[in-house]
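Please keep the structure in view while reading.

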Amino acid sequence: MAFWIFMFFMSLSTPLLMIILGIFLTKKPPAKISSYGYRTKLSMKNSDTWRFANVHCGKIWLKFGTIFLPITAIIMLFSIGKNEDAVGKLGSFLCAIQTIPIFISIFLTEKALKNNFDENGEPKFFSSKDIF
């Protein structure tokens, strides 16, 4: 049972971190282009792209974390009483699946950046005041 408890909390760690970081990036994105946050070439062009990318990525992580947290908990509850090998494989599978939204968030955030800013980081369709 101790291994199941360990795997239960390990499988919930990724969605929990996505929720926590999603809230943090959405509500209080890093003010300065720094060593933490959503760091890509386009997101770091200027403060507008930096803020936009961090808020956008945070919203995606918050949504995915909120979806994955209860699903993971329910799936893991069905493994109570199973042998350690089965619990380990299920927990590892869930952790692997939970990394997919991280890659999806990169794709979606880069697409949103390219749709809203040119290659120099200038807004395409609106003034920088309209971003937020």
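## Ser105 and its surroundings

Leaving aside residues up to four places away in sequence, Ser105 touches Cys57, Ile60 and Trp61, where contact means heavy atoms within 4.5 Å. The model is predicted: local features need pLDDT of at least 70, side-chain atom pairs count only at pLDDT 80 or more, and totals for chains, interfaces and linings use all residues. Residues are numbered from 1 along each chain as its sequence is written, and side-chain values use heavy atoms, with hydrogens and water left out.

Ser105 belongs to helix 4, which covers residues 100–116; helices are DSSP runs (H or I) of at least four residues, numbered from the N terminus. Ser105 counts as buried because its relative accessibility is 1% (buried means under 20% relative accessible area, exposed over 50%, and partly exposed in between, with a 1.4 Å probe and protein chains only). A polar atom of the Ser105 side chain lies 2.6 Å from the backbone oxygen of Ile102.

## Ile97 in helix 3

Helix 3 spans residues 84–97 and includes Ile97. With a relative accessible area of 29%, Ile97 is partly exposed. Along the chain, Ile97 and Phe8 are 89 residues apart, and their C-alpha atoms are separated by 15 Å.

## Phe6 in helix 1

Phe6 is part of helix 1, residues 2–27. Its relative accessibility is 48%, so Phe6 counts as partly exposed. Phe6 and Gly88 lie 82 residues apart in sequence, while the distance in space from C-alpha to C-alpha is 9.7 Å.

Definitions and conventions. Helices (H or I, at least four residues) and strands (E, at least two) are DSSP runs, numbered from the N terminus. A polar contact is a pair of N or O atoms within 3.5 Å; within protein, one must be able to donate a hydrogen and the other to accept it, and residues adjacent in sequence count only if both atoms are side-chain atoms.
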